[in-house]
Amino acid sequence: MFESNEEAIQLFIAVVNGGMSNITTIRTTAQLSTLLAAIQAEAIAEEGTANGWYVDDDVTNVGERGHKLVPLGADGTPLIDEELPLEVAAARGTSVGSASWFVRDIVNLKVRHPLTWAAIQECRIPLWQAQHVAQMCAFQDLSCDQALAIDAQIAPALGKVGVMRLKKLIEAAMMKVDPDGVEERARRSQQTRYVEKKVAHADPASTDIYARVDTSDAVFFDAMLDRVAQILSDQGDTRDKDHRRATAVGILATPAVALSMLGLDTSDPDHVVIPAEIAATALPTTRINVVIHQDHLADDQAVVRVEEIGPALKTQISKIVGHSKVRVTPIVYVNAIEPGVDAYEIPDRIREQVIQRDRYEVFPFSSRTARNQDLDHTIPYQRGKPKQTQADNLGPLSRKVHRAKTHAGFELVQTEPGVFWWRTRRGQIFRVGPDGTTDLTPKPFCQKLKEEPPPF
């Protein structure tokens, strides 16, 4: 991030004195914050080491000076002087409980996630993001060896993906290194089901509903809310979709009303009997996209990718689809050459190829899944020009980003299929590809780009 401490000092002085553009100030203070957090983490680690981090099995819980040593971190971490969190709490102005968790994250990162720790010290990833790595592994009671294996698997993505994508990568890595543990935790999770309602504090007429249910039931419920919301729209309801979906919850709570809207005869609600074959017609149409490599079809512990949900073990698919009818779709070869078309509309075969290729919105650090976004023509469509609608001229973008590209001066170039270069209106430069996002914006006092030059 910085060529030297002197450069960081120069930037700090420049920020304090002012004179930078607003975007440069935002970028620089964010970089300095990452650097300062890394320095603080290293200082805590050094303080702990200097005052007795013990890893020997035969050591007692009393240090040489009579200080009590406690097992603060997860498996494989040393005992810690119980006074350290107190010192850290006082120095950082936080509670002892908060400081204890903070020190635990640092201990776990330094011992169980050395590659992530190195990324922190090199300022490639902010400390707060790295803490998610340590916390997710510690929460699942993973051994030190398993944590080290996960560390190695996610290392290439550190600093290149947003925190939600990073969490999914960690989940997938967990499934690879501890499939039995994942299935056992899933079995325990199956025992926890609830529906809870809480009246909103500011508005007694509004209530929040929280639930933990089977994924298959949640998929059907979500699809049914969409279906009823669409019926309301067709009947003239002009409220936004979220409002109509909320109304649909109340409608579904009254089965006779819901069935009448869905087209079934409920003229006598007290005595209506609906045959199973007719009731089946009320089920919503749903689609779950499961991506699995053909080489793993026979491996029950293979890790698959379920769109909108994330990684899952192959054995968990049946619990996700529930009683749905399963349709196997043709394999999409991401690197295949699909012939382009002359029309502006995008054929399903090309759309699916782009979605599987990019997986996420191609804006820097975005974690929005590709399937829910517009497919934007990288080079704007011009009527009459042939073969413009093809995979290497398409990329998934949300409406807001799409508008920024079209109307707000954001430049986008797709140099090869799935590799996108951005230059924002204020001059920030990013490369987005299969490996995530690389920030290539020239830095103050260091204007030369070490990577390939941007294609602008």
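User: What does Glu 308 touch, not counting residues up to four places away in sequence?

Analyst: Glu 308 touches Thr 369 and Asn 372. Before we go on, a word on the model: it's a predicted one, so local features need pLDDT of at least 70 and side-chain atom pairs count only at pLDDT 80 or more, while totals for chains, interfaces and linings use all residues. Residues are numbered from 1 along each chain as its sequence is written, and side-chain values use heavy atoms, with hydrogens and water left out.

User: Where does Glu 308 lie, and why does it count as partly exposed?

Analyst: Glu 308 is in the loop between strand 6 (303-306) and strand 7 (310-313). Strands are DSSP runs of E, at least two residues, and helices are runs of H or I, at least four, both numbered from the N terminus. For exposure, buried is under 20% relative accessible area, exposed is over 50%, and partly exposed is in between (1.4 Å probe, protein chains only). Glu 308 has 47% relative accessibility, so partly exposed it is.

User: Why is Thr 438 called buried?

Analyst: Its relative accessible area is 16%, so Thr 438 falls under the cut-off for buried. Thr 438 is found in strand 13 (residues 436-439). Leaving aside its neighbours within four places in sequence, Thr 438 is in contact with Lys 160, Ile 429, Phe 430 and Arg 431.

User: What makes Arg 431 and Asp 435 a salt bridge?

Analyst: The label needs a side-chain nitrogen of Lys or Arg within 4 Å of a carboxyl oxygen of Asp or Glu. Arg 431 and Asp 435 come in at 3.6 Å, N to O, so the pair qualifies. Arg 431 counts as buried at 17% relative accessibility, whereas Asp 435 is partly exposed at 36%.

User: How do you know that Arg 239 and Asp 237 form one too?

Analyst: Same test: the closest N and O atoms of Arg 239 and Asp 237 are 2.6 Å apart, so they're inside the limit. Asp 237, at 19% relative accessibility, counts as buried. Arg 239 is partly exposed at 33%.

User: What about Arg 124 and Glu 122: how far apart are the closest N and O atoms?

Analyst: They're 2.7 Å apart, a salt bridge again. Arg 124 has a relative accessible area of 39% and Glu 122 has 43%, so both count as partly exposed. The structure holds 19 salt bridges. Some are linked up: Asp 222, Asp 226, Lys 241 and Arg 245 sit in a network of them.

User: Arg 245 turns up in helix 11 as well. What puts the buried residues on the same side of helix 11?

Analyst: Those residues are Arg 244, Arg 245, Ala 248 and Ile 251. They cover an arc of only 105° around the axis, so they share one side of helix 11. The arc is that of the directions from the helix axis to the C-beta atoms. The buried residues pack against helix 10 and helix 12 (255-261).

User: How do you know that helix 11 is close to its expected reach?

Analyst: The expected span is 1.5 Å times one less than the number of residues. Helix 11 (residues 241-252) has twelve residues and reaches 16 Å from its first C-alpha to its last, against an expected 16 Å. Helix 10 has 20 residues and reaches 29 Å, close to the 28 Å expected. Helix 10 is followed by Gly 236, whose phi is positive, near 105°.

User: What makes Val 195, Ile 209, Val 213, Phe 221 and Val 249 a patch?

Analyst: Patch members have over 30% relative accessible area and no salt bridge; like charges are joined within 9 Å, and nonpolar side chains (Val, Leu, Ile, Met, Phe, Trp, Tyr) within 5 Å. Together the five residues have about 440 Å² of accessible area, computed by the Shrake-Rupley method with a 1.4 Å probe, where for residues only the protein chains shown count as cover.

How values were computed
Contact means heavy atoms within 4.5 Å.
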